[in-house]
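This report walks through the contacts that can be read from one model. Begin by looking over the sequence and the structure.

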Amino acid sequence: MAEQKASGQRRLIRDDWITAALAAIADGGLAAVGVEPLAARLGATKGSFYWHFENRDALLEAAIRRWEKETTTDVVTEITAARDAPASQFRRLVAGVIERAEQDRVGPALLASAAHPAVAPALERVTAARLNLIATVFRRLGFPRAEARRRALLAYSAYLGHGQLAHSTPSALPATRAGRRAYLDDAIRALTTR
């Protein structure tokens, strides 16, 4: 949490800059992350930025790391720590990531900049971690290793497609709770039918 300055003005912390950078990425992609625009958005000086970060690249790296943690590392930890039945674990994973995909505006912006040197390694790590998690859950469902990996790739491709639809044409997705539940049931059935 930000500290209070003696003048009553809020003192920014490193996390405030990271949050602002993620909002900028969501709104306008990597190009929207600039020291001056972020300082203006936060009501701060450039000096405040340089107190916390060496340069723009350091801020981008910190923002991308936070996105990676919140959208991947935390999900992997949550799912692998659960001790419920494999079918329940798979349903929770699919439902959770679909919901996150719809809310995550940073992910699509990063995918649009996949070749950027700050983004490419993160996307490699995220993709590998997500595919490994999904394959592990499929293995828990009883699929052989090679088939679990193929199904994980199919599931991850469906996730990326769902995320794209959710952000570009949300009207293509079911609007009602019952429709979304049926959609989720269909996706799970398609992915797990032997």
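## Salt bridges between elements

Arg105 and Asp27 join their side chains in a salt bridge, at 2.5 Å from N to O. Arg105 sits in the loop between α5 and α6 and Asp27 in helix α1, so the bridge ties together parts that are 78 residues apart in sequence. Arg105 is partly exposed, with a relative accessible area of 42%. The model is a predicted one. Across the whole structure, a search finds 15 salt bridges.

Glu78 and Arg100 form another salt bridge, and their closest N and O atoms are 3.4 Å apart. Glu78 belongs to helix α4 and Arg100 to helix α5, so this pair ties together parts that are 22 residues apart in sequence. Glu78 is partly exposed at a relative accessible area of 37%. Arg100 is also partly exposed, at 31% relative accessibility. Both residues belong to a network of salt bridges that links Glu78, Asp84, Arg92 and Arg100.

Glu68 and Arg65 meet through their side chains in a salt bridge of 4.0 Å, N to O. What separates Glu68 and Arg65 along helix α4? About one helical turn, because they are three residues apart in that helix. An α-helix has 3.6 residues a turn, so residues three or four places apart point the same way.

Is Glu68 buried or exposed? Glu68 counts as buried because its relative accessibility is 9%, and the cut-off for buried is under 20%.

## The nonpolar core

The largest nonpolar core contains 52 residues. Within this core, Ile25, Leu59 and Phe138 have the most contacts. The elements that contribute two or more residues are α1 (14-28), α2 (35-42), α4 (56-81), α5 (86-103), α6 (106-111), α7 (120-140), α8 (145-168) and α9 (177-192). Of these, α7 gives the most, with nine residues. In soluble globular proteins, nonpolar side chains tend to be buried together.

Which residues does Ile25 contact beyond its neighbours within four places in sequence? They are Leu30, Val33, Leu60, Ala63, Val106, Ala109 and Leu110.

## Helix α7

Helix α7 has 21 residues. From its first C-alpha to its last, α7 reaches 30 Å, close to the 30 Å expected at 1.5 Å a residue. Just after α7, Gly142 takes a positive phi of about 100 degrees.

The buried residues of α7 are Ala122, Leu123, Val126, Arg130, Leu131, Leu133, Ile134, Ala135, Val137 and Phe138. What covers them? The cover includes α4, α5, α6, α8 and α9.

## Aromatic pairs

The structure holds six aromatic pairs. One of them joins Phe49 and Tyr50: the ring centres are 4.9 Å apart and the planes lie at 85 degrees, so the pair is edge-to-face. Phe49 counts as buried, at 0% relative accessibility. Tyr50 is partly exposed, with a relative accessible area of 46%. Phe138 and Phe143 make an edge-to-face pair too, 5.6 Å centre to centre with 80 degrees between the planes. Phe138 and Phe143 are both buried.

Ring pairs also build a cluster, which links Trp17, Phe49, Tyr50 and Phe53.

## Arginines around Phe143

Arg194 places its charged end over the ring of Phe143, 3.9 Å from the ring centre. Arg151, in helix α8, touches both Phe143 and Arg194. Not counting residues up to four places away in sequence, the contacts of Arg151 are Phe138, Phe143, Leu191, Thr192, Thr193 and Arg194. Is Arg151 buried or exposed? Arg151 counts as buried, because its relative accessibility is 13%.

Definitions and conventions
Residues numbered from 1 in each chain as written. Predicted model: local features only at pLDDT ≥ 70, side-chain atom pairs only at ≥ 80, totals over all residues. Heavy atoms only, no water. Core = buried A, V, L, I, M, F, W, Y, C linked by side-chain atoms within 4.5 Å. Buried < 20%, exposed > 50% of the residue type's maximum accessible area, 1.4 Å probe, protein only. Helix = DSSP H or I, 4+ residues; strand = E, 2+ residues; numbered from the N terminus. Contact = heavy atoms within 4.5 Å. Phe/Tyr/Trp six-rings, centres within 6.5 Å; stacked < 30°, edge-to-face > 60°. Lys NZ or Arg CZ within 6 Å of the ring centre and 35° of its normal. Expected span 1.5 Å × (residues − 1).
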